[in-house]
Protein chains: 2
Amino acid sequence: MPDTQPSADGMRVLADLNALRALGAYKTGVHKPTFSEPHRQSLDWLVRKLPGAGLAPTIDGIGNVFGTSATPGPKLLAGSHLESQNYAGWLDGPLGVVYALEAARVLNIDPSVKGAVEVAAWCDEEGHFGSFLGSRSYIGQVSETEINAARDRTDGRTMRDALGDMGLAGRARITAEPGRHVGYLEAHIEQGDTLESGQLAIGVVTSIVGIWQYRIDFTGEQNHAGTTRMAVRKDAGLALAKFCVTIDQRFPAACGPRTVWTTGRVTLDPGAPSIIPGGAEMLFQIRDDDPSVIARLEELLRIVADEVNANGPCTVTVEKIRTGAPAMMNAGFQDAIDAASKAFAGGRSIRMPSGAGHDAQMLATIMPAGMLFVPSIGGISHHWTENTADADIVTGAEVFVDACRRILGG
Amino acid sequence: MPDTQPSADGMRVLADLNALRALGAYKTGVHKPTFSEPHRQSLDWLVRKLPGAGLAPTIDGIGNVFGTSATPGPKLLAGSHLESQNYAGWLDGPLGVVYALEAARVLNIDPSVKGAVEVAAWCDEEGHFGSFLGSRSYIGQVSETEINAARDRTDGRTMRDALGDMGLAGRARITAEPGRHVGYLEAHIEQGDTLESGQLAIGVVTSIVGIWQYRIDFTGEQNHAGTTRMAVRKDAGLALAKFCVTIDQRFPAACGPRTVWTTGRVTLDPGAPSIIPGGAEMLFQIRDDDPSVIARLEELLRIVADEVNANGPCTVTVEKIRTGAPAMMNAGFQDAIDAASKAFAGGRSIRMPSGAGHDAQMLATIMPAGMLFVPSIGGISHHWTENTADADIVTGAEVFVDACRRILGG
């Protein structure tokens, strides 16, 4: 009931998001890698804000921030992440954290609401040191061994050193308390153009697609770029380039309507202008919500690799390093977001899968989970030009707070 | 006259080369990047050895080591370099320095020899911070501005910081003294398999091929690897892969018999597994001793780039960042090496161009220059398995010392 019940304060939400943007600002976006100084400042910012929402703040041993409530009754966990990709957008992560904070500020002091909203900022959703380390730690799926081995993908700093630099060395990690939460709700920018092109305000997420990732390694023969004749070369970099082009030619006939695949990282060894690469590695990713499509593409990947090994001059190995499972969002939570969208966004919502991975997929394995999207201008994501119209940010906050209220039964 | 004149002491040469291998040893090779600790130790090693050859040692402000003689008469400059590529071979560089040191030890105390051999170890021939910085500085072609801008290609350390770490900050650079030297002689491993496959002991270098280098930059659109449909992607990494494959298909019809081309380094921007690369860069190199062949290939490179720009979805720019000019070796020096080869290697020599660049090409622009190659086992170069048989190393030293004697007129 927008007219009678306290709702989100849009100006407060925008002010908070801009305060977070000022920490690690890069052009109109941010450069806030996990465990960087601006990331540390952002965690501290949240710690200072949580008491104002009736929540006791903690940072745990993996860099997750929690705001917990002593109020009796049902508790809804809400949040997202505060670090960014390198030189990327200002809303990817912080939007969901500030919405959660705002929901707590509005609802935790509203006597008509049962229980409370609790807030979480999950560490390293963006994968600088691993894959969903913060939320996966919370659901009990990260070992100390994994943390010992983790390194910053950009500069190679070990995660142990980074945790020490953050003042978190030796601190305990917090895992989920069974039965404490009625569920988890997360808001995020869409990172695509479905909402914008349909002139919609809210995406009600139905599922999060699975991500399958492969390390594809080529071995040739390192040699001198001036003295080795073309005819006798075994150039691992060229073998990699041919592999990428072959995938581009043959995947379309085998994929599903929503399948996407990406080679995001390539390394030549040793990577010097006067040396023929003796080794080359690519990280290759496939996303779909249909495991049978993935199985078909994985088979094709191995066929192409077998052809390389049969024909030479280089050899290749394909190693699966990540197996995705699609995560389904809770039906009741989807209904709550839809109802909130009718109340605050004129019903301009659509049900849609998420092509991107989110912490909600980790939480969905132990409790009911839901997600809400707001539009991304031009569909741009993971780049500093990523943006959302202020009006859409405010509408999203109102819908989010109302959805939390409905889930708590306020 | 091998029977009557003092010649190289093969065991001393091998002992010196192994002493240098022990500094920065990596498996059977070395990891001795420019201005690393083992590189510093190697320069100091040479400084300690030079007085034993009747030479006064100096390290100049760019890390060049010189051994200069006070003896009247003609002076022949001889040398090579002491740093290595990363995790590379033990002889690439040190062989020529130790041969020069040995020639000085033998000839500078021989009363039948006129004048003296002076020794140089040129800094950064391997291009960690730039292109032939040491020898190019000696011929007066390196500005302070260039040094200010130079960075280690592996870790980004500035050259100024590195010079400071070496204790060389503020030290003057030494440039060639006009008329001091009758010429420059350098020995090096072949880095190819011409000598080994012909069962030859000595390569008499006729010319050093030119190197043309290009920075080829692709611009697409950075976006999220999960939410961006394949149909609307502008993947700069894929555009780069296609470019490499097109070159591989079309260069063979336009190249010369000895032309080689190499993509040694590739960078995707931002290089994260879940981000479609918005930018991609490759360093591309062509080598030939015929500028007309280069002109033809450069034209083809631009045609292929024009096709990319016309067809999309990415754009590409081709920037020439290095223009090579073939360097001719002095005819009299070639004759001297051939004569020495007849005396000490049973005439098992061949005249051949060098496909690799060497400091000799810089020295050749200001004085007569010559080069001598010894065989490389399996033609392997720029890898820690690079090697030369001990017997070939000793024969090469004997030929080198005798060639120096002949040039000085001993």
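Helices and strands are DSSP runs, numbered from the N terminus; a helix has at least four residues and a strand at least two. In chain B of this predicted model, B:Pro313 sits in the loop between α9 (291-311) and β14 (315-322). The peptide bond that joins B:Gly312 to B:Pro313 is cis, with omega about 0 degrees. A:Pro270 belongs to the loop between β11 and β12 of chain A.

Chain A contains 12 helices and 17 strands. Its radius of gyration is 23 Å, close to the 22 Å that the globule rule gives for 410 residues, so chain A is as compact as a globular protein of that length. Along the principal axes, the C-alpha atoms of chain A fill a box of roughly 80 × 45 × 40 Å. Of the 410 residues in chain A, 57% are buried. Among contacts in chain A with a separation of 6 or more, 78% link residues 24 or more positions apart.

Two domains divide chain A. Domain 1 covers 10-209 + 326-408, and domain 2 covers 219-322. Their C-alpha centres lie 35 Å apart. The contact between them draws 6 residues from domain 1 and 5 residues from domain 2 of chain A. On the domain 1 side, 3 residues are nonpolar, 3 are polar and none is charged.

Helix α12 (residues 390-408) of chain A was checked for length. At 1.5 Å a residue, its 19 residues should span 27 Å, and the end C-alpha atoms are 27 Å apart, which agrees. The helix is mostly covered, with 15 of its 19 residues buried. Just after α12(A), A:Gly409 takes a positive phi of about 80 degrees.

The two chains were then compared.

The contact between the chains takes 50 residues from chain A and 51 residues from chain B. On chain A, the elements that give two or more residues are β10 (223-224), α8 (236-250), β11 (260-269), β12 (275-276) and β13 (279-288). By class, this side of chain A has 20 nonpolar, 25 polar and 5 charged residues. Of the interface residues of chain A, 98% are also interface residues in chain B, so the copies meet through the same surface.

Positive phi values also occur at residues other than glycine. A:Lys27 has a phi of about 50 degrees. This lysine lies in the loop between β1 (25-26) and β2 (29-30) of chain A. A:Lys27 is exposed, with 10 other C-beta atoms within 10 Å. B:Phe132 likewise has a positive phi of about 50 degrees. Its place is the loop between β6 (116-122) and α4 (133-138) of chain B. With 23 C-beta neighbours inside 10 Å, B:Phe132 counts as buried, because the cut-off is 20 or more.

B:Val97 is part of helix α3 (residues 94-107) of chain B. This valine is buried, with 28 other C-beta atoms within 10 Å. Leaving aside neighbours within four places in sequence, B:Val97 is in contact with B:Leu46, B:Gly79, B:Ser80, B:Leu82 and B:Ala121. B:Gln213 is 116 residues from B:Val97 along the chain, and their C-alpha atoms are separated by 28 Å.

Notes: Residues numbered from 1 in each chain as written. Chains lettered and ligands numbered in written order. Predicted model: local features only at pLDDT ≥ 70, side-chain atom pairs only at ≥ 80, totals over all residues. Domains from an automatic or database assignment. Contact = placed C-beta atoms within 7 Å. Nonpolar A, V, L, I, M, F, W, Y, C, P; charged D, E, K, R; others polar. Expected span 1.5 Å × (residues − 1). Buried ≥ 20, exposed ≤ 12 C-beta atoms within 10 Å, placed from the backbone. Rg over C-alpha atoms; globule rule 2.2 N^0.38 Å.
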